[in-house]
Amino acid sequence: MAVITERFQEKVAILALGLILALLSNFMAEATSRRGLVEGDSGVFDVTSYGAKGDGKTDDATAFVKAWVAACKSGGSAKLSIPKGTYMAGPVVFQGPCKGYMTVEVQGTIKGTTDISQYSSPEWFSFEHIDGLIVNGGGTFDGQGAAVWKYNDCKDNSNCQLLPSSIKFMEVKNAIVHEITSLNSKSFHTHVVNCDNFTAHDLTITAPGDSPNTDGMHISRSNLVSISNSQIGTGDDCVSIGQGATQVSIQNIACGPGHGISVGSLGKYKDEEDVSGISVTGCTLKGTTNGLRIKTWPGSPPSKASSIAFEDITMDSVKNPIIIDQNYGSNKKEPSQVKISNVRYTNIKGTSISPMAVSIVCSSDAPCTGIEMTDIDLKFVGESSKSDSVSSSCSNAKITFGGKQNPPACDV
């Protein structure tokens with residue numbers, strides 16, 4: 001009996017010791033987790049632990065950068081967290097290279113300062129020299145552009161200095177940006193430049209229809225870019241494709257208000273890189289001042305824009321639904337030297353508020369070639385005392401037509 005009691009006591013002691021060790025382990029894990037949220041040991045770097053106030057008044061830019069530097073140098077994949085709340089911030093640069101994959105999780109609302117003298121470089125948030133980046137969280141970048149749009153003189157000055165873009169990605173590789181809102185940018189909402197393998201989806205980009213130069217997303221000198229499933233309404237192009245953009249896919253974009261989806265403008269500057277491999281599919285444009293547009297400057301240096309496809313596009317009360325304009329932005333008489341070729345328009349349907357629904361004006365020195373129009377069906381819904389139908393106009397272009405053509409195919 002004594003032996004049985006002794007064994008029972010040993011089992012109780014072992015169970016007790018096991019329970020104590022389990023509790024101690026859980027306590028240590030919780031303590032480590034809490035410390036990690038503050039100090040970054042777990043890979044999460046909360047900006048409030050680096051001095052961010054989140055009171056909507058204090059400039060938290062320095063705290064954001066401190067948290068980024070700590071995360072970037074932490075030795076592995078890390079997350080910079082901007083919790084719910086309202087933050088004020090001047091210019092912020094998140095610069096790499098970093099030692100691991102970086103995630104910036106924005107749950108709160110960040111408001112941009114409105115003192116333009118603070119911005120020595122024309123961007124607000126800048127992500128630079130990063131390989132491996134995710135930006136997400138459901139939060140908002142509010143550029144507070146309404147306070148400074150009055151300083152924009154680009155309508156009257158072709159050599160104007162643009163106001164700061166809200167978010168710029170420069171020399172960023174392997175990036176995914178999703179579930180973010182950009183509101184009332186001072187200039188471009190997002191600018192993607194010198195990037196490779198860049199994906200953006202489920203974005204909300206918003207500014208009034210009369211806000212100046214507030215392009216939703218501008219892409220230049222970048223390869224393998226995908227923009228999809230997003231709502232974009234601005235005072236300029238919903239998406240604009242600049243020089244050097246290659247292999248760009250734009251899918252399922254709801255665009256409007258704004259100036260439509262544009263390739264260009266191209267040819268304004270010397271030594272511009274060619275544009276190729278652009279695909280725009282499944283998009284809806286509503287109430288925009290242009291639809292699908294390719295625009296180049298007259299008197300431009302030579303360059304090329306080729307292999308461009310617009311497919312399955314719906315127009316809803318759009319002005320100038322299909323337009324190639326090689327006399328864009330200048331009164332110069334010299335023809336554009338940008339060569340446009342291999343452009344396909346397929347299954348473009350909907351309504352136009354302008355009688356001229358298709359306008360193809362190409363360069364006399366570098367005529368457009370390989371233009372294809374298949375199944376175009378656009379109806380006039382605007383106000384006109386002359387006609388209740390749509391028409392087309394083409395010059396200096398070699399075009400082939402197939403399927404339904406409304407407006408009727410122009411003489412080429």
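A: Start with a term. Ala, Val, Leu, Ile, Met, Phe, Trp, Tyr, Cys and Pro count as nonpolar, Asp, Glu, Lys and Arg as charged, and the others, Gly among them, as polar. Note too that the model is predicted.

Take the largest pocket. It holds about 1,400 Å³ of space. Its lining has 42 residues. Leu 162, Phe 188, Asn 213, Ser 265 and Lys 268 lie nearest the centre of this pocket. Sorted by class, the lining of the largest pocket has 20 polar, 12 charged and 10 nonpolar residues.

Now the cavities. Rolling a probe the size of a water molecule over the atoms shows where empty space is left. In this model there are 2 cavities of 30 Å³ or more.

The largest cavity has a volume of about 60 Å³. Its lining holds 8 nonpolar and 3 polar residues, and no charged ones. Among them are Ile 167, Phe 169, Val 177, Thr 190 and Met 217. Strand S10 (165–178) and strand S14 (204–206) each supply at least two lining residues. S10 gives the most, with 3 residues.

What about the packed side chains? In soluble globular proteins, nonpolar side chains tend to be buried together. Here the largest nonpolar core has 93 residues. Phe 64, Phe 169 and Tyr 345 have the most contacts inside this core. Phe 169 also lines the largest cavity. Helix H2 (residues 61–72) gives the core its largest share, 7 residues.

Neighbours within four places in sequence are left aside here. The contacts of Phe 64 then include Val 47, Ala 52, Leu 80, Ile 82 and Tyr 87. Ala 89, Val 92, Phe 94, Ile 110 and Phe 125 are in contact with Phe 64 as well.

Notes
Residues numbered from 1 in each chain as written. Predicted model: local features only at pLDDT ≥ 70, side-chain atom pairs only at ≥ 80, totals over all residues. Heavy atoms only, no water. 1 Å grid on protein atoms, 1.4 Å probe; cavity = no way out; pocket = protein on both sides within 12 Å on 5 of 7 lines; lining within 4 Å. Points joined across faces, edges and corners; volume = space filled by probe spheres on them. Helix = DSSP H or I, 4+ residues; strand = E, 2+ residues; numbered from the N terminus. Core = buried A, V, L, I, M, F, W, Y, C linked by side-chain atoms within 4.5 Å. Buried < 20%, exposed > 50% of the residue type's maximum accessible area, 1.4 Å probe, protein only. Contact = heavy atoms within 4.5 Å.
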